Amino acid sequence: MAAFTIPNTQHAAVVPHSGDAIEIKTDFPVKTQAELAPGECLVKLHCTGVCHTDLHAAMGDWPIPPKTPLVGGHEGVGIIVAIGDNTSHSPVKVGDRVGIKWLADSCLNCEQCRKGREQTCVEAKLSGYTVDGTFQQYVVSYVNHVTKIPDGFDSNAAASILCAGVTVYRAIKYSQTTPGDWIVLPGAGGGLGHLAVQYAKVAGLRVIAVDTGADKKALCLSLGADKWIDFKESKDIVADILAITDGLGAHSAVVTAASSSGYKQAIEYLRNGGTLMAVGLPGKATLEASIFFTVFKSISILGSYVGNRQDAAEAIDIAARGQVKCSFALKQLSDLSAVYEGMTKGTVAGRIVLEMPQ
Ligand code: NAD
Ligand code: ZN
């Protein structure tokens, strides 16, 4: 394979300090092949999805602060244009089309990695958080953690599977549900949620989508949600869910709302033995649950954090076969600030994918 020509500078969306406005730079440096460490690769991006996590990162919402200045982004798809010298046993090569996910790298040798919890490796590198991410034309990533994108799977359609898709795929996989069970999805009209509706249907579940507004309602129902509850219109969400589920409650809830309100009452509307999968990440909220009813109803409360390499391969495979489709609007890297505004107001149904200047 002929070597790719790599420019010295590129377009990048940079947050100088947490909470600052985004600056679109046109002279942001690109690492040369010689500067790549063993195990690192340089990916020329075609596109990147925008996750609500990127907004949390830009705002500095979370208890563990991100690096600054920060190039956010962790749902990128592009071509490997260089690999660091002395990289051994690389599962990918120059010219391969790959995806960049939140978990950019992990050590693969610690107890967490060996147990398949690569996400909680203490040496984990996080794309667009502890290392610069996909809101730039050329991103440095890691050969062991990039995800191969199958031929024929459109890059724009694949992008948001790498975070939103992987995350909800894994949360549903561990939700202790079986086909025919009822699953509640607060946040169903958002980026993660609309993919959760579809992965839940692939798993044979019956879906109660909870979100707000006509656009998100239409999206959820078009994707196969069995029932819809508008959390702003409902007078009593618990009563609504009990009415749908023969008075017994739902078997599981996967909460992808970015605010604590989406978690309220989950213990009340879950049936005995039900499982709450906590996915949405409001930075400062605490989870209020009745201890009595958590015990009395044998409720499981589980945190679910993105996914490992295997989860990524499985989530991508399902989407590449057309069983799950990201509903996205295509915009440009320079539109990122406006996308964050929409996300803050809650007006983005599904996902926004940004095309890189080529
Ligand atoms: P998004 O903004 O696209 O979607 C969030 C949705 O929640 C919106 O549609 C909003 O209307 C809805 N919502 C808000 N309050 C609600 C309520 N009370 N009930 C029901 N719905 C409500 O965001 P996203 O990109 O899907 O991300 C969602 C959250 O998940 C963020 O906090 C993000 O950081 C987090 N996240 C977690 C992981 C993980 O590994 N656990 C991975 C990716 C993202
Ligand atoms: Zn994400």
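Guide: Let us start with exposure: a residue counts as buried under 20% relative accessible area, as exposed over 50%, and as partly exposed in between, with a 1.4 Å probe and the protein chains only. By that rule Thr 347 is exposed, because its relative accessible area is 55%. Before going on, note that this is a predicted model, in which local features need pLDDT of at least 70 and side-chain atom pairs count only at pLDDT 80 or more, while totals for chains, interfaces and linings use all residues. Residues are numbered from 1 along each chain as its sequence is written, chains are lettered from A and ligands numbered from 1 in the order in which they are written, and side-chain values use heavy atoms, with hydrogens and water left out.

Visitor: Where is Thr 347 placed among the secondary-structure elements?

Guide: Elements here are DSSP runs numbered from the N terminus, with helices (H or I) of at least four residues and strands (E) of at least two. Thr 347 sits in the loop between α11 (336–345) and β17 (351–355). The C-alpha atoms of Thr 347 and Lys 216 are 8.9 Å apart, although 131 residues separate them along the chain. A further case is Leu 330 in strand β16 (residues 328–332), which counts as partly exposed at 39% relative accessibility; its C-alpha atom lies 8.1 Å from that of Asn 156, 174 residues away along the chain.

Visitor: How many aromatic pairs does a search of the whole structure find?

Guide: Rings of Phe, Tyr and Trp (its six-membered ring) pair if their centres lie within 6.5 Å, and planes under 30 degrees apart count as stacked, over 60 as edge-to-face and the rest as tilted. The search finds 7 such pairs. One of them joins Phe 292 and Phe 293 edge-to-face, with 5.1 Å centre to centre and 90 degrees between the planes. The rings of Phe 292 and Phe 296 are stacked, because their centres are 5.0 Å apart and their planes lie at 20 degrees. These two residues are 4 apart in helix α9 (residues 291–296), which means that about one helical turn separates them. Phe 292 is exposed at 51% and Phe 296 is exposed at 59%, whereas Phe 293 is partly exposed at 42%. Elsewhere, ring pairs link Trp 62, Trp 102 and Tyr 129 into a cluster.

Visitor: Which residues are the protein donors of the zinc ion (ligand 2)?

Guide: Donors are N, O and S atoms within 2.8 Å of the metal (3.2 Å for Na, K and Ca), and since water is not among the atoms, sites may look incomplete. Here the protein donors are Cys 51 (SG), His 74 (NE2) and Cys 163 (SG), at 2.0 to 2.3 Å from the zinc ion, and their spacing in sequence is C-x22-H-x88-C. His 74 lies in the loop between α1 (52–59) and β4 (76–83) and Cys 163 in helix α4 (residues 161–173), so this pair ties together parts that are 89 residues apart in sequence. Both His 74 and Cys 163 are buried.

Visitor: Which residues come nearest to ligand 1?

Guide: A residue is near a molecule if one of its heavy atoms lies within 4 Å of it. Of the 31 residues around ligand 1, those that come nearest are His 52, Thr 53, Asp 211, Val 306 and Arg 351. By class, this shell has 14 nonpolar residues (Ala, Val, Leu, Ile, Met, Phe, Trp, Tyr, Cys and Pro count as such), 3 charged ones (Asp, Glu, Lys and Arg) and 14 polar ones (the others, Gly among them). The largest share, 3 residues, comes from α1.

Visitor: And what should I look for in the backbone?

Guide: Most residues other than glycine have a negative phi, and most peptide bonds are trans. In this model a cis peptide bond joins Thr 68 and Pro 69, with omega about -10 degrees, and Pro 69 lies in the loop between α1 and β4. Asp 246, not a glycine, has a positive phi of about 55 degrees; its place is in the loop between α7 (237–244) and β13 (250–255), and it counts as exposed at 70% relative accessibility. Ser 298, also not a glycine, has a positive phi of about 50 degrees and lies in the loop between α9 and β15 (300–303).
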